[in-house]
Amino acid sequence: MNKVQSKGSGRPGTFLLGLGRYGGLGIFAFLFVFPFYYVFVLATHRVPFANPPHLFFGPSVAENFDALFRQIPFLQSFGNSLGIAVLATASVIFFCTLGGFAFAKYDFKGKEALLVFVVMTMAIPPFLNIIPFFRMMVAFGWYQTWLPLIVPGMANAFGIFLMKQFLEESIPGELMDAARIDGLNEFQLLPAVVFPLAKPGIAILGTLTFVGSWNNFLGALVMLPDPRNSTLPVSLSSLFVRSDGNYGGLMLGTALSILPLVVIFIFFSKKIIANLAAGAVKG
Amino acid sequence: MTKINLLSDKRLAPYVFISPFFILFLVFGLYPIGFSIYLSLWRWTMRGPVEFMGISNYVNLLTSDPFFWRAITNTLWLLVFGSFTQHFVAIPLAIGLNDKVLKGKEFFKTAFFVPYITSTVSATLIFSQLFDNNFGWINYLVNFFGGENISWFTAEWPAKVMIATLINWRFIGWNTIIYLAGLQSIPDTLYEAAYIDGATKWQTHTRITVPLLMPIIFFGVTMSIIGGMQLFDEPYVLMGGYQTMGGIANTGLTSAYYLMFTGWSATRFGKASAIAWILFFFILLMTMVNRKITKSLDKRSL
Amino acid sequence: MKRILVFLLVLGAALATLVSCGQQAGAAGDSIAAYDPAQSYTVSIGLYGDLEAAYKEVFASADFKAKFPNITIEYQTSDFGGHHNRLTTVLAANEATNDIEALEVGYIAQFVAGGGLSNLAAAPFNGVSVGSGLVSFAMANATTTEGALVAMPVDIAPAVMFYREDLVRAAGVDPREIENARNWDDILAISERLKAAGQIAFPHPNDVAMVPLSGGKGGWFVNNQPLEPKAKFMGALELVKEIRDRGVDADYGAWSGPWVEGFANGDVALMVNGAWFGGALRTWMAPDITDWRITYLPGKAPAALGGTYLGIPEQVPADKKAVAWEIIKYLTTSENAQLTVFRTIDAYPALVSTYTNPVMNENVPYFGNKPVRQIFADVAQSMPNEQVSEYDATALAIWGNAVTGVITGELGVEEAYNEARSQIIATIQ
């Protein structure tokens with residue numbers, strides 16, 4: 001009865017609602033995408049400062065490419081950034097899913113206190129830590145290596161907390177029990193049950209970790225200042241020179257450095273959608 | 001043999017699963033924390049420890065420092081209007097996106113996430129053009145609707161609004177995709193059952209979506225508190241960095257901005273550490289309040 | 001919850017004790033081996049902005065290669081902010097990652113209380129006598145009250161008045177009036193005549209705010225009292241207030257599109273800045289304009305708006321310190337290096353003997369075919385030797401907000417001065 005009624009009277013309303021929704025989403029999309037478009041516009045001009053501001057693509061792409069590749073080892077830095085980000089993301093996904101899973105799905109002594117402790121560590125402002133951390137890295141012999149940018153964050157509080165919140169709902173206890181009855185031990189549960197069901201959370205965690213690692217500036221600058229093994233943001237920063245006005249290369253470099261993040265986002269986000277369509281998520 | 005027992009023991013397994021965090025914390029986290037506590041008890045400059053202060057750094061900050069409370073107030077204001085507001089936009093956006101028949105979902109999702117990945121430098125370049133006092137597009141709109149030019153960078157409240165706008169813009173998408181992922185783990189059957197029971201769309205959201213999203217909302221709000229209380233990049237870049245301490249009337253001076261200024265520009269590392277630890281207790285307090293509230297609404301959150 | 005906190009605090013305190021034992025095992029006391037020309041060295045140098053381009057030219061020159069065939073240079077360049085943040089982090093951690101580090105003059109104050117950088121006045125460097133040929137205000141800026149020298153000046157930025165001859169003439173102002181202006185009142189009067197002719201004078205009052213303070217690189221404290229003498233600082237606030245009140249500035253934010261374009265499109269006719277700005281005008285901001293001219297600030301007032309220093313971190317290994325010092329000596333005291341840097345990036349030499357070099361007397365085609373480089377030399381040599389203190393960064397930042405308050409009319413001059421003064425005193429206590 002209700003169903004029929006809502007269908008009958010709803011048609012024009014639904015249409016308007018849909019239109020409104022697309023309109024609303026569209027406005028937000030425009031507000032959010034425009035600055036992104038603008039970075040690419042600036043990448044095609046020699047000088048970004050203009051009045052009125054540049055709105056359309058300019059003629060200086062080749063020139064900017066030339067400046068960019070002449071002044072910094074772009075491909076090398078790109079490769080370093082990619083290597084660090086991939087290793088960091090893979091290890092974070094593994095260790096944080098593990099930790100989140102334990103907090104979400106097991107009862108163990110001291111669980112609550114330990115979890116509070118994990119979350120609490122996030123509340124410590126990280127700004128000053130870099131000074132003692134740097135001393136430590138030099139003492140470890142890790143200065144000028146990728147390790148300080150990967151290892152300490154492998155199992156981080158943010159990731160564990162995020163995965164815990166997601167896994168709470170996504171992994172049914174009955175499924176775990178069924179798997180145990182089938183003879184799987186706790187570790188075998190991971191590939192069989194946990195990782196497949198954790199995909200939406202993993203996709204988010206992977207995206208955020210990758211972006212964070214890719215955009216990390218001060219850490220990379222302090223630990224890896226040498227242009228031959230530094231990351232893209234660090235290399236690009238050497239182009240930020242006011243006296244010579246060579247901003248075209250900088251803007252092009254910025255635009256090129258954002259692109260992989262979009263690709264990564266779409267890659268991870270496809271995983272979520274595929275997962276959803278296959279009905280693999282609980283339901 | 002014992003090893004296999006360890007692996008399959010249901011009581012031991014969770015400790016093994018969470019051990020990486022604690023090992024890494026012991027190795028990498030503890031020394032910096034200890035160092036920073038020690039630092040906060042000293043007058044500590046580029047020369048290293050100069051004079052033992054005891055808790056004077058803390059006392060001075062809380063009682064006589066001309067900027068500390070101003071920075072805390074600014075931070076709280078920006079937390080409410082820059083960080084908390086995000087959730088009121090992000091949840092509806094996520095609900096709007098969480099629809100199997102919606103066309104262009106991928107495009108919208110990517111679009112909302114894009115500000116987060118745009119680098120701070122370009123985001124700032126864009127915002128300084130948008131909000132330029134004379135030629136900015138925002139003031140063009142203000143004029144169009146009959147208003148007077150607003151001095152976004154040099155007037156106290158407009159500057160705050162601008163910073164809050166930038167924060168919202170950068171992180172709404174971040175929250176949206178987290179909520180979206182959360183929504184996607186809510187079973188469709190629940191909604192179908194509610195429809196059959198005659199619930200309206202609004203009712204399904206208030207009765208199903210929001211309650212089931214509680215763990216994620218708790219997560220999002222907690223991260224907003226932590227991120228908001230440690231807000232630094234956006235006001236720093238927009239308000240002129242270490243040259244100005246947050247612009248007119250210190251309007252953009254957040255606690256983290258003041259901390260960084262004290263450490264990296266004034267090279268008072270002891271005092272900066274003291275700011276960090278006071279900030280830590282503020283964040284702790286607010287996170288606990290948040291936890292209490294969420295817990296009273298939902299049993300499963302932490 | 002409470003138990004964890006207690007646990008954390010106890011652990012932290014225990015660690016802190018541990019930390020304190022390991023502190024301050026400096027390399028400062030080690031004896032420094034003499035530089036050995038027969039040995040080959042690799043020297044790493046941390047730079048910002050366009051310095052790498054300039055120093056690369058220097059190290060590629062025949063003169064350098066003949067003198068130091070045994071030295072290879074490695075560079076670590078970042079942007080201005082990044083470089084100094086990295087440097088502060090590394091030095092605060094009591095480490096050293098490069099043998100030589102560049103510092104902008106504004107960051108020198110961080111080190112004048114000592115720590116982090118080697119004292120170059122001490123043996124075996126004897127920087128004071130090595131630097132006797134360098135312009136004295138720049139040496140004074142890097143000297144602590146105890147006489148330690150934390151870095152050597154390599155380039156300076158004497159401030160001058162830039163003006164557009166065509167625009168000024170079009171408003172009925174004879175350029176000689178600008179050149180002969182005795183004080184800021186004269187310039188303000190000229191600005192009003194420009195305004196009457198529909199011409200904007202300055203891009204923003206902020207562009208001249210530091211001029212009455214000789215550029216603000218030092219001189220913030222006299223006998224530990226901030227912002228003294230009062231009249232000097234009040235004068236600076238009154239100047240920006242006058243500029244804004246008389247409506248002779250365009251209110252263009254620095255490095256915004258309109259600001260940058262204003263130097264080419266005829267929006268602005270006057271500007272105050274350092275020598276390097278002339279290079280930026282000529283090469284990219286207004287390359288097609290033939291009417292930019294350079295003259296003294298009103299009353300030939302001296303001011304400097306920037307400059308680069310080179311220092312050696314304390315923790316650099318002893319054998320590297322000697323060769324690092326050779327490089328610094330070459331960059332600061334050889335005419336070849338100083339003039340190469342000037343030619344490459346328009347950074348004005350700190351070495352006084354270059355001022356009589358024929359290059360410095362050449363007519364500069366871009367600036368009306370006049371020997372403008374002599375003006376910079378004059379300004380540099382008349383700069384007062386200001387005292388730098390470890391609190392300068394704090395004073396500067398607080399002062400910056402006071403200036404903004406006066407420009408926007410939120411604060412009166414007296415009120416802004418008093419507030420800034422009490423804030424500085426309370427912050428540095």
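In this predicted model, in which local features need pLDDT of at least 70, side-chain atom pairs count only at pLDDT 80 or more, and totals for chains, interfaces and linings use all residues, Phe95(A), Leu98(A), Gly99(A), Phe101(A), Ala102(A) and Phe103(A) of helix H3(A) are in contact (heavy atoms within 4.5 Å) with Pro14(B), Phe17(B), Ile18(B) and Pro20(B) of helix H2(B). The residues of this contact divide into nine nonpolar, one polar and no charged, where Ala, Val, Leu, Ile, Met, Phe, Trp, Tyr, Cys and Pro count as nonpolar, Asp, Glu, Lys and Arg as charged, and the others, Gly among them, as polar. Residues are numbered from 1 along each chain as its sequence is written, chains are lettered from A and ligands numbered from 1 in the order in which they are written, and side-chain values use heavy atoms, with hydrogens and water left out.

Helices (H or I, at least four residues) and strands (E, at least two) are DSSP runs, numbered from the N terminus.

In chain C, an open sheet of three strands has the order E8-E5-E9 with antiparallel pairing, two strands being paired if DSSP finds at least two bridges between them. Four bridges join E5(C) (residues 160-164) to E8(C), and E5(C) and E9(C) likewise pair over four bridges. Phe162(C) has Met271(C) as its bridge partner in E8(C) and stands opposite Ile294(C) in E9(C). Helix H13(C) (residues 275-285) lies across E5, E8 and E9 of chain C, running at about 130 degrees to E8(C).

Most residues other than glycine have a negative phi, and most peptide bonds are trans. Leu227(C), however, has a positive phi near 55 degrees and, at 0% relative accessibility, counts as buried. The peptide bond from Glu228(C) to Pro229(C) is cis, with omega near -5 degrees.

How values were computed
Axes are lines fitted to C-alpha atoms, for helices over the stretch in contact, and angles run from 0 to 180 degrees between N-to-C directions. Buried means under 20% relative accessible area, exposed over 50%, partly exposed in between (1.4 Å probe, protein chains only).
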